[in-house]
Amino acid sequence: MIKLKKMNDAYWAGNGFGNEPAEWVVKGAENIVVRRSGLGWIATENGTRIVNGLGTKKEVLEVLEWKRPELAS
């Protein structure tokens, strides 16, 4: 199972912008960021998407573990 570490907390972005969700990084591979984007969750590595938008963070982690099994601890 891939473990995450919170990089940034969720915060209020101001009137008209709403809330910004928390950003997470993969523990041991901090260059991989998992975050909410639009209506789904994505995983990026150095700015390049490696998992496209899925409904939940859990789904993104499952696909990421399938694509990069070395990240599972």
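Biologist: In which strand does Leu4 lie?

Modeller: This is a predicted model, in which local features need pLDDT of at least 70 and side-chain atom pairs count only at pLDDT 80 or more, while totals for chains, interfaces and linings use all residues. Residues are numbered from 1 along each chain as its sequence is written, and side-chain values use heavy atoms, with hydrogens and water left out. With strands taken as DSSP runs of E (at least two residues) and helices as runs of H or I (at least four), each numbered from the N terminus, Leu4 belongs to S1.

Biologist: Does Leu4 count as buried, partly exposed or exposed?

Modeller: Buried means under 20% relative accessible area and exposed over 50%, with partly exposed in between (1.4 Å probe, protein chains only). Leu4 has a relative accessibility of 23%, and therefore counts as partly exposed.

Biologist: What is the average twist from one strand to the next?

Modeller: Five strands form an open sheet in the order S1-S4-S5-S6-S7, with antiparallel pairing (at least two DSSP bridges between two strands). S1 (4-8) and S7 (48-54) stand at the edges with a single partner strand each, so one side of each lacks a neighbour in the sheet. From strand to strand, the twist averages 25 degrees.

Biologist: What angle does the direction of helix H1 make with that of S7?

Modeller: Helix H1 (residues 57-67) packs on the sheet and touches S1, S4 (23-26), S5, S6 and S7, where contact means heavy atoms within 4.5 Å. Axes are lines fitted to C-alpha atoms, for helices over the stretch in contact, and angles between N-to-C directions run from 0 to 180 degrees. Between H1 and S7 the value is about 135 degrees.

Biologist: How far is the charged end of Lys57 from the centre of the ring of Trp24?

Modeller: Beyond four places in sequence, Val34 contacts residues including Trp24 and Lys57, and Leu4 also touches Trp24 and Lys57. A charge sits over a ring if NZ of Lys or CZ of Arg is within 6 Å of the ring centre and within 35 degrees of the ring normal. The charged end of Lys57 sits over the Trp24 ring, its distance from the centre being 4.0 Å.
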